[in-house]
Amino acid sequence: MKSIFKWFVIIGGIFLVLIIAAVIIIPKFVDVKKYKPMIEQKVAEATGRSFTLGDDIDLSIFPWVGVRLTDLHLGNPAGYKEKDMVSVKNFEVRLKVLPLLSKRIEIKTFVLDSPRIYLEKLKSTDANWQGIGKQEKKKEHKKKKTEKPSTSQGLPIESLLVGNFSITNGQLIYVDQGTDVKKEISDLNLNLKNISLENPIGISFSARIDGKPISLKARLKGNKDSISLSDGLLELDDSKLIFSASAKEFSKPNLKFDLQLDGIDLDRYLPEPSEKEETSQPVQTGSKSQGKAKSTDYGPLRELVLDGKIKVGKLKAHGATIENIDVHILAKNGIITIDPLGLNLYQGSVASKVELNVQKTNPRTKVTLDAKGIQAGPLMKDALQKELVEGTLKTKVMLSMTGESPDMIKKTLTGQGELLFIDGAIIGIDLANAVRNVKVNLGMGEEVKEKPRTDFAELKIPFTAKNGLINTSGTSLISPLIRVLATGNVNLVKELLDLRVEPKFVATLKGQGDAKQRSGLMVPVLITGSFSDPKIRPDLKGMLGGGIPSAEGLKQILGTKEDQKEKVEPVKEDIKKQLKTLLPGLTN
């Protein structure tokens, strides 16, 4: 019996030696180059693109299964500027196969040398990355429909060991022919060594984005249940970002991060608006023009658990400068809270809180805003490239809304607030001049032609909102020459106006802030109609109640009906023109 067992061991040993010898010797005698046309054909069939390999091909089986390829080229379809969509100078990978059966990945080397990816979008909106492997994707899609959703937790691997992972001298080019935009990432280098899930991994990354240098250094640590990134330092031009992050419960996921950025000028990286965008008309809202919008799937946000902190010293975007940004984001059970959301801008400060509830189909949003000391004029010039209002702004607002489309938000907008502007001006409308013009047309003064603006010592706009109907019961403006009281409603849903503006022309020129009772000509104005076509008309009933001495005196001043039309119509058109100029600035 022992001899039989002995012979089995000997025979088994011989077979093992023969297998090892075959693994070592066969690649030396097998000409893998003769399979090159077949490989090129299979890849071309799978991608639908031309594919070629260089002649320098190396295959090894023992002790690591490995392959080394050179001069890989995946072509572009016809009609694109460059011949290749993807090219790689050298590619090498060596790994062990048997550990893959037990979800263990062991890689000795993964090297990608001089990869170049060229992405192009034509004026027709077709892109060279579209349609790759189209047939294969259809088959996979049909297969996925029959598969049950995965209920596994954690990473899909048990362990990971990588000796050397490197990408050197990489390049990514993106070209959009329709917008004449070109973006390029060059000199891309990524080096990782001694990668495992048990020990921290040092990350070293560098590249140039449109010629601007960027680098990243950090330590990565994790296992099948969690992963973390610590001591992160990202440098982009003059900006430095210190960060840390972690993730667990990957099926949700449960995320945590802390970002501290010293400052960044986003305008250096954002594309400039094209002429088409600058001259385009505002998008019309409403069910007639939009049709039924596709609802958003908020399932992932309901599962998300998040605790994130962001601090930015200085940020510039679209011309506006913001400082001392402090944000804390929490998410759990479908409720996302941003508290605090604080920042400084234009000599003032903002303290805000935002809550987004996606537990139901339509998201519900609550916003509170407390701002003070903000210079409104420079802010609007920089951010909107428009001159609407000048002055020091103080505001407190509490709003809530439901939905995600503009129409639904307007229909559900509810809340209250107050905007207070001190020592400023309304740009684009001149109420004092309108009163002067009334006096001129009534034969009571000389016409004054000035740039449209209404200077004020104080502009207070209290409001309430309910389901898109904005009501103000006491909007007031105080200036040296005029006092104005406005009441009424603005319907955001129907885009209709129903306001009464009661200006009072002051006879004296005392300084701003004068609170003494004044006398003057009352010229109430009714503003109705739509945002796009406001209707302006004098409130004659209000005029009669404003201290006009007698009907005979009024008749002498106004003259005949033809005279009245000639005198009043220019005033109406002047106010209407100024109001139509102002409204688009507020709504666009």
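Trainee: Which residue stands opposite A331 in β17?

Mentor: Strands are DSSP runs (E, at least two residues), numbered from the N terminus, and two strands pair if DSSP finds at least two bridges between them. In this predicted model, A331 faces I336 in β17. Strand β16 (residues 320-332) and strand β17 (residues 335-345) run antiparallel, joined by seven bridges. Their hairpin has two residues between the strands, and N333 takes a positive phi near 55° there.

Trainee: How many bridges join β17 to strand β18?

Mentor: In a regular strand, side chains alternate between the two faces of the sheet. Here, nine bridges link β17 to strand β18 (residues 348-357), again antiparallel. I338 stands opposite V354 in β18. In the hairpin of β17 and β18, Y346 has a positive phi near 50°.

Trainee: Is G48 buried or exposed?

Mentor: Buried means under 20% relative accessible area, exposed over 50%, partly exposed in between (1.4 Å probe, protein chains only). G48 is exposed, because its relative accessibility is 60%. G48 sits in the loop between α2 (36-47) and β1 (51-52). The C-alpha atoms of G48 and I132 are 6.1 Å apart, though 84 residues separate them along the chain.

Trainee: And where does V97 lie?

Mentor: V97 is in the loop between β4 (84-95) and β5 (104-113). V97 counts as partly exposed because its relative accessible area is 43%.

Conventions:
Residues numbered from 1 in each chain as written. Predicted model: local features only at pLDDT ≥ 70, side-chain atom pairs only at ≥ 80, totals over all residues. Heavy atoms only, no water. Helix = DSSP H or I, 4+ residues; strand = E, 2+ residues; numbered from the N terminus.
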